[in-house]
Amino acid sequence: MIGSGTAPRRQRKIREQCGSCPDRFSRDKRQVVVEDSDTTEEESSTDEEERWKDVARAAEIPAEYYNIQKLVKYIKAGNQTATIVSLCCLQDYDLRTQINQFAIQDIGGLDVLVNILECNDTKCCLGALSVLSDITLNIDIRKTIVDLDGIPLIVDILSSSMKDLKTMAAETLSNVSKVRLARKYVRNCGGISKLVDLLDIKMSILQTPRDQLTVEEIECLDMARAGARALWTLADSKHNMEQMRKSGIVPLMANLLKSVHIDVVIPIMGTVQKCSSEPKFQLAITTEGMIADIVNHLKSECIDLKVEGSSALYKCAFDATTRDLVREAGGLEPLVAIIKDKSVRENKPLLRGATGAIWMCAMSDENVKELDEMNVIHHLVTLLADECDEVLTNVTGALSECVRFQDNREAVQRAGGLPAMVALLNSSHSPLLENLAKAIKECAEDPDSMRELESLDAVRLVWSLLKNNSPRVQANAAYAICPCVKNATDSAELVRSLVGAMELVVGLLKSKEIMVLSAVCAAIATIALDQTNLAILTDLRVIYKLADLVNTTDDMLRMNLAAAVAACACFGNNTEELGRLRTVTPIVTYMTSENPLVHRTTAMALEKLSMDPQNCITMHQSGVVPFLLECIGSTNKELQLAAAGCLRNIRELALRAEEYMLKIDDD
């Protein structure tokens, strides 16, 4: 008797021997230690899953159900020959059908099959793995295999010298590893390095058509394909990805991507796509020259390859070097061809990957120029009507990069993109709103586009994004407000017409996010250019909130904060009040920054603050003069004028003080 269906799940105590497997228990099962406690696998099905299983069982049971159960009984009670014959007969049935899977599970066949994996009989193991590789398509059976401690046994088989055994073991792992706990067990049992070893085959096999290969070479190819499929599934875990990298998978992936066998390339491309989310892999993918191969597969007729390839480029192309490699390999054209193809509009993973890759690539100016030649703006605007939030996020992200150039701003307006983008501002998807605000910011730099945005009430909608819970949305919305206010027909009246608008902006100065504070300061610097608006901001005690931020060390916040101080200081007694709040000395320290943009706004703020004599004294004592003298030699005219103006005010105070002292001496 080989197994019993009534055995408990974790501790099986079946120790009978039979003629079918004389040395079944010659190998002790390895103890699996689970190190990661941060992820656990639920081992029981949900109520809904149980209900569906009951419905499936309640349906009319076919004769195959009982025939399969008879075969399982023969496996339990038969000798070696009967076991092998029964396993072969099992494979004559369609084991991918749910009712047939239930037949094996209901009679305790899973425990029997796992027990067989412990024997030394090659044919028995191969037959059991062949059955398991089919029935583990069922999620409940996968969990049961894990509960029966089947993972260590399957991993042990990967050390076999027989290629067909290793192939079936890898195929089974590719299914079972869709269970999170199984992925951890495979890693802890040392299965990842064994699977990586399966990928090491000769390049000649990879580049020769299957019908021209020998039987032995086909076995090697099938083994590599099975290993790639298993690793594709295992790559859902970050710990597993790191283990793959340490096991030397990167050069092997580079080799397999050059294969002419699509069934091998698809799983390895999927593995590359998953691993490319990790920075170490991103660098390795670039240095190993995989980008050109990925781009080459984008031209394939295989949709799965396109999906995985475009998604891999989406993840890798954040790096400028990778973006250049994509362009040099001719990758932009197939990406644009994908979004042009109306037949793939329903394939959201493909559309998401292609639009995401275009977005990342558009971050480079050279790529934008090449994309313009392909009329990419028109195709992207067309996709603004898509219903998938992730696709829309990528499309608006790509548009936000393209409209950095004036020609593309005009192209978006001509294509009718502005109304579509404004309509999407009512969305609740934060990444989409983030990119929309960025795109509208760039479009608002164009006067004609700004007129259209005003007519669409876009400014009010952008301003309302300041209420969003996402700091990135708040920051991009605040930056978008700057060109909207600056280029509006009557910007002062526009701001005042929005009820509670300035209160909302000033309130965000209490945010704990540096990016939000920086963006809001930039918005305040623009709004305060109008004296009436500045008066309202002063009544809202904006200078007190700005004074609370002056001790920052972040250059971006320093730059925009200094601009806001410069804009707000010239109203009423704000200059004196800012000096009393001890903002002068911290602002002087901004001149030590290496960023020339910080020097520009800091000099502008110091010029306004130097209108107050006491502030001039504080600046002089803080050692500002050498910095200002250096700034006068700058090539930036605004910086020159501001530095010169501040020095003039300090010098005038010094002259008046000198004249006063001489007058006292004369008296």
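**Helix packing and aromatic pairs**

Helix 27 and helix 29 cross each other in a right-handed sense. In this predicted model, the two helices, spanning residues 417-424 and residues 447-455 respectively, pack at an angle of about 45 degrees, and their axes are 10 Å apart. Helix 27 is therefore oblique to helix 29. On the side of helix 27 the contact is formed by L418, P419 and V422, and on the side of helix 29 by S449, E452 and L453. Sorted by class, the residues of this contact of helix 27 with helix 29 comprise four nonpolar, one polar and one charged.

A second pair is formed by helix 18 (residues 290-298) and helix 19 (residues 303-316), which pack at an angle of about 140 degrees with their axes 8 Å apart. Because angles over 145 degrees are needed for a roughly antiparallel arrangement, helix 18 and helix 19 are classed as oblique to each other. Their crossing is left-handed. Helix 18 contributes I291, I294, V295, H297 and L298 to the contact, and these residues meet L305, K306, G309, S310, A312 and L313 of helix 19. The contact of helix 18 with helix 19 contains seven nonpolar residues, three polar residues and one charged residue.

Helix 9 (residues 163-176) and helix 13 (residues 215-234) pack at an angle of about 20 degrees, and the axes of these helices lie 8 Å apart. With this angle, helix 9 is roughly parallel to helix 13, and the crossing of the two is left-handed. From helix 9, the residues K163, K166, T167, A170, E171, L173, S174 and N175 take part in the contact, where they meet E216, E219, C220, D222, M223, R225, A226, G227, R229, A230 and T233 of helix 13. The contact of helix 9 with helix 13 is made up of six nonpolar, five polar and eight charged residues.

Burial was examined in two further helices. In helix 21 (residues 332-340), the buried residues are L332, P334, L335, V336, I338 and I339. The elements that cover these buried residues of helix 21 include helix 18 and helix 19, together with helix 20 (320-328), helix 22, helix 23 (365-373) and helix 24 (376-382). In helix 4 (residues 98-106), seven of the nine residues are buried, so that this helix is largely enclosed by the rest of the structure. The buried residues of helix 4 are I99, N100, Q101, F102, A103, I104 and Q105. Just after helix 4, the residue G108 adopts a positive phi of about 85 degrees.

The loop that lies between helix 3 (80-90) and helix 4 contains Y93, a residue that counts as partly exposed because its relative accessibility is 22%. When residues up to four places away in sequence are left out, Y93 touches E64, N67, I68, L71 and N100. N100, one of these contacts, is also one of the buried residues of helix 4. The C-alpha atom of Y93 is separated by 7.8 Å from that of E64, although Y93 and E64 are 29 residues apart along the chain.

Two aromatic pairs are present in the structure. In one of them, Y65 and Y66 are arranged edge-to-face, with a distance of 5.3 Å centre to centre and an angle of 85 degrees between the planes. Y65 has a relative accessible area of 11% and is therefore buried, whereas Y66 counts as partly exposed because its relative accessibility is 45%. In the pair of Y314 and W359, the ring centres are 6.5 Å apart and the planes stand at 40 degrees, so this pair is tilted. Y314 belongs to helix 19 and W359 to helix 22 (residues 348-361), so the pair ties together parts that are 45 residues apart in sequence. Y314 counts as partly exposed because its relative accessibility is 25%, while W359, at 13% relative accessibility, counts as buried.

Note on methods. Residues numbered from 1 in each chain as written. Predicted model: local features only at pLDDT ≥ 70, side-chain atom pairs only at ≥ 80, totals over all residues. Heavy atoms only, no water. Axes fitted to C-alpha atoms, helices over the stretch in contact; angles between N-to-C directions. Helix = DSSP H or I, 4+ residues; strand = E, 2+ residues; numbered from the N terminus. Parallel < 35°, antiparallel > 145°, perpendicular 65-115°, else oblique. Left-handed = near helix turned anticlockwise from the far one by under 90°. Contact = heavy atoms within 4.5 Å. Nonpolar A, V, L, I, M, F, W, Y, C, P; charged D, E, K, R; others polar. Phe/Tyr/Trp six-rings, centres within 6.5 Å; stacked < 30°, edge-to-face > 60°. Buried < 20%, exposed > 50% of the residue type's maximum accessible area, 1.4 Å probe, protein only.
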